[in-house]
Amino acid sequence: NKLFQSTFLLALTGENATLTQISGASAINAFVALLGYHAAALIVDNPAVGRLRLQQTGFVITGALFLICGFCSDRLSSMTLVCIYLGSSFFGQCGPNCTTFLIPAEVFPTEMRTVCHGISASAGKLGALIASILFTFAKTDNALFLISGYTSFAAAIFTFLTIPDLTTLDLYEIDRYWRMILNGREYEYEGAAVDPRHLSYLERRRNRGAVMM
């Protein structure tokens, strides 16, 4: 969203938009994004919301707004499209742009955290590179929004399948579980780190299968 902000805004305001109009839209977009960050800070530690639900919801809403821009751009005014895009900026920040920094800082054990966080950040940069390549194949402005929308929905599904929710988990439990894994005593651990509330969907399925065996 932020990487291609100028491309999106130009697509929404039209090629005849003045530099003042584009600059004004960019400033408003930055302000809305800042509000999104503040909103995320207020609710991300709330157990009723949490990291996982915030990231999933952000991806779904952002994806829906991008698809609206992609499918309805010919039937909506430029002002309406800009407002929809600003909504995507808000929910992008109050969602994945916040949680994709926060989750890697919590999900790994302390002794592996720096390395794994770096790998996660590198994966994010690789994703931006892939997006920049894909966008060159977008023949129309509509295609640009549709690619972003479908990618957001794919990310929401990936989040649901693979991301654990550590909102109320003491990170010491992750370290304790990790040490028991290294010592070959994984199945002796009975702490909060293996509570289904803190596991991803795939982890819950794996644990259920292990119990059945």
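Helix H3 (residues 50-72) packs with helix H4 (residues 78-93) at an angle of about 165°, their axes lying 9 Å apart. H3 is therefore roughly antiparallel to H4, a label for angles over 145 degrees, while those under 35 count as roughly parallel, 65 to 115 as roughly perpendicular and the rest as oblique. This is a predicted model, in which local features need pLDDT of at least 70 and side-chain atom pairs count only at pLDDT 80 or more, while totals for chains, interfaces and linings use all residues. Residues are numbered from 1 along each chain as its sequence is written, and side-chain values use heavy atoms, leaving out hydrogens and water.

**H3 and H4**
- The crossing of H3 past H4 is left-handed (the near helix is turned anticlockwise from the far one by less than a right angle).
- From H3, Gly 58, Ile 61, Thr 62, Leu 65, Phe 66, Ile 68 and Cys 69 meet Leu 81, Ile 84, Tyr 85, Gly 87, Ser 88, Phe 91 and Gly 92 of H4, where contact means heavy atoms within 4.5 Å.
- This contact of H3 with H4 has 9 nonpolar, 5 polar and no charged residues; Gly counts as polar here.

**H3 and H8**
- H3 also packs with helix H8 (residues 141-162), their axes coming within 7 Å and crossing at roughly 160°.
- H3 and H8 are therefore roughly antiparallel to each other, and their crossing is left-handed.
- The contact of H3 with H8 has 15 nonpolar, 10 polar and no charged residues.

**H7 and H9**
- Helix H7 (residues 110-135) and H9 have axes that come within 9 Å and cross at roughly 100°.
- That makes H7 roughly perpendicular to H9.
- Thr 110, Glu 111, Met 112 and Arg 113 of H7 make the contact with Leu 171, Asp 175, Trp 178 and Leu 182 of H9.
- By class, the contact of H7 with H9 has 4 nonpolar, 1 polar and 3 charged residues.

**The second largest pocket**
- The second largest pocket holds about 510 Å³ of space; on a 1 Å grid over the protein atoms alone, a pocket is an open set of points where a 1.4 Å probe fits, with protein on both sides within 12 Å along at least five of seven lines.
- It is lined by 20 residues, and those closest to its centre are Val 107, Pro 164, Ile 174, Tyr 177 and Glu 203; a lining residue has an atom within 4 Å of a point.
- Helix H9 (171-182) and helix H10 (201-212) are the elements giving two or more residues to this lining, and H9 gives the most, with 4 residues.
- The lining has 14 nonpolar, 3 polar and 3 charged residues.

Methods:
Axes fitted to C-alpha atoms, helices over the stretch in contact; angles between N-to-C directions. Points joined across faces, edges and corners; volume = space filled by probe spheres on them.
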